[in-house]
Amino acid sequence: MTMTVEETIWTSVVHGAVHGATVTDLGGRHPMSVSACGFTAADARRGALARYHAARALQEAANGPTAVGPGPVRALRPADFVPGAAEPVAAPPLPALSGVGAVSGLRYLVPARIFFSAPVPAAVREPVLDGAAAPGPALSEVLALDVAARWWRHPHTRLADATVLLADRLPEEVRRALPAQGLTAEAFLWTSAGFALGMVVMHRGDGDAASFGVSGRATPGAALEDAFLKAMAARLGRPPGPGSGGRTVRPGAHRARRTRFAPPTGPSGTRALTAWHQGSEQLALLRRHAVGRLPVGPWPCVDWVELAHRRFGHEPVLVTLPTADGGHTVQAACPGAEVYRASAVSVPSFPF
């Protein structure tokens with residue numbers, strides 16, 4: 001395995017006020033390139049390495065044997081996560097991961113395919129979710145993407161325009177550097193799901209070639225700050241894959257693409273919410289539904305397990321995997337969440 005860590009100070013974008021780091025691993029059967037941003041170089045590097053180790057641990061677990069001890073185990077199927085999902089009939093059992101019910105403590109087998117975007121020829125297949133080092137952040141990721149995905153399918157609830165609140169959270173040098181580079185950050189908050197869901201849109205003034213970041217946290221400020229860094233990381237470019245010549249698109253290299261508006265559904269699924277490079281119509285839709293003020297938290301005692309259980313009607317299942325850096329990552333499996341539609345593609349088999 002060949003892994004390289006590429007660190008970039010964003011001097012060409014925000015004069016070094018935001019730092020980016022990319023971990024690229026082109027060895028083995030599954031090339032991978034992940035990026036993260038931070039307000040310091042150390043934070044960016046730490047975030048990129050954490051994302052890389054979590055994704056690699058998930059890939060290796062999906063390729064390895066399923067470890068199940070004695071005692072009762074409930075096996076979940078793809079259809080438990082995506083109604084109508086096809087399963088191979090006359091084929092070896094689907095690869096599965098061992099998990100634990102967050103409410104009951106019961107053991108589950110979770111189909112590995114739900115954690116990955118659908119296989120696409122000549123493309124790098126990446127995990128649908130980043131995962132986290134603890135159950136709370138792992139569940140907040142699923143909840144945030146679920147709320148956002150459902151809103152895009154049926155935008156009926158009002159949002160809070162949180163651009164001023166985001167500006168208050170950003171370091172002063174970032175606030176100065178963004179307009180100097182022609183970048184605009186707009187922020188929105190959902191407040192009706194029992195936690196703070198922030199979405200930040202980075203664009204160059206006209207809304208085109210925008211990148212989006214989504215995050216769920218217990219406080220509005222924390223959600224917006226994390227969503228901002230995710231939107232900035234999306235501007236690092238798509239990971240290099242087969243057919244790309246190994247090139248990584250640099251910040252600012254994305255050209256505006258005017259496409260007919262469509263919510264993020266279909267094979268690319270909810271993962272697109274955190275890595276869009278789209279046109280102005282999505283931003284216009286957010287603006288139309290935004291109001292100046294909405295009641296906001298904080299919600300300092302958010303019970304992420306209870307929220308997920310109530311929202312999806314099934315206890316969340318936590319899959320904990322060891323990582324190569326000596327830590328561990330937690331993936332949350334929540335039957336009924338919209339995020340898993342990224343893997344809902346009928347294929348005769350799902351090789352890893």
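Contact here means heavy atoms within 4.5 Å. In this predicted model, Thr329 touches, leaving aside residues up to four places away in sequence, Ala54, Ala57, Asp130, Gly131, Ala132, Val319, Thr320, Leu321 and Thr323. Thr329 is found in strand S13, which covers residues 328-333, and at 2% relative accessibility it counts as buried. A polar atom of the Thr329 side chain lies 3.5 Å from the backbone oxygen of Ala132.

Helix H4, residues 135-153, has 19 residues and reaches 27 Å from its first C-alpha to its last, close to the 27 Å expected at 1.5 Å a residue. Because 14 of its 19 residues are buried, H4 is largely enclosed by the rest of the structure.

| Salt bridge | N to O distance |
|---|---|
| Asp43 and Arg46 | 2.3 Å |
| Arg150 and Asp146 | 2.9 Å |
| Glu225 and Arg169 | 3.2 Å |

Asp43 and Arg46 both lie in helix H2 (residues 41-63), three residues apart, about one turn of the helix; Asp43 is partly exposed at 36% relative accessible area, whereas Arg46 is exposed at 51%. Arg150 and Asp146 are four residues apart in helix H4, and therefore separated by about one helical turn; Arg150 is partly exposed at 32%, while Asp146 is buried at 0% relative accessibility. Glu225 lies in helix H7 (residues 220-234) and Arg169 in helix H5 (residues 163-169), so this pair ties together parts that are 56 residues apart in sequence. Glu225, at 23% relative accessibility, counts as partly exposed, and Arg169, at 36%, also counts as partly exposed. Salt bridges that share partners join Asp146, Arg150, Arg311 and Glu338 into one network.

Terms used: Residues numbered from 1 in each chain as written. Predicted model: local features only at pLDDT ≥ 70, side-chain atom pairs only at ≥ 80, totals over all residues. Heavy atoms only, no water. Helix = DSSP H or I, 4+ residues; strand = E, 2+ residues; numbered from the N terminus. Expected span 1.5 Å × (residues − 1). Buried < 20%, exposed > 50% of the residue type's maximum accessible area, 1.4 Å probe, protein only. Polar contact = N/O pair within 3.5 Å; in protein donor to acceptor, adjacent residues only side chain to side chain. Salt bridge = Lys/Arg side-chain N within 4 Å of Asp/Glu carboxyl O.
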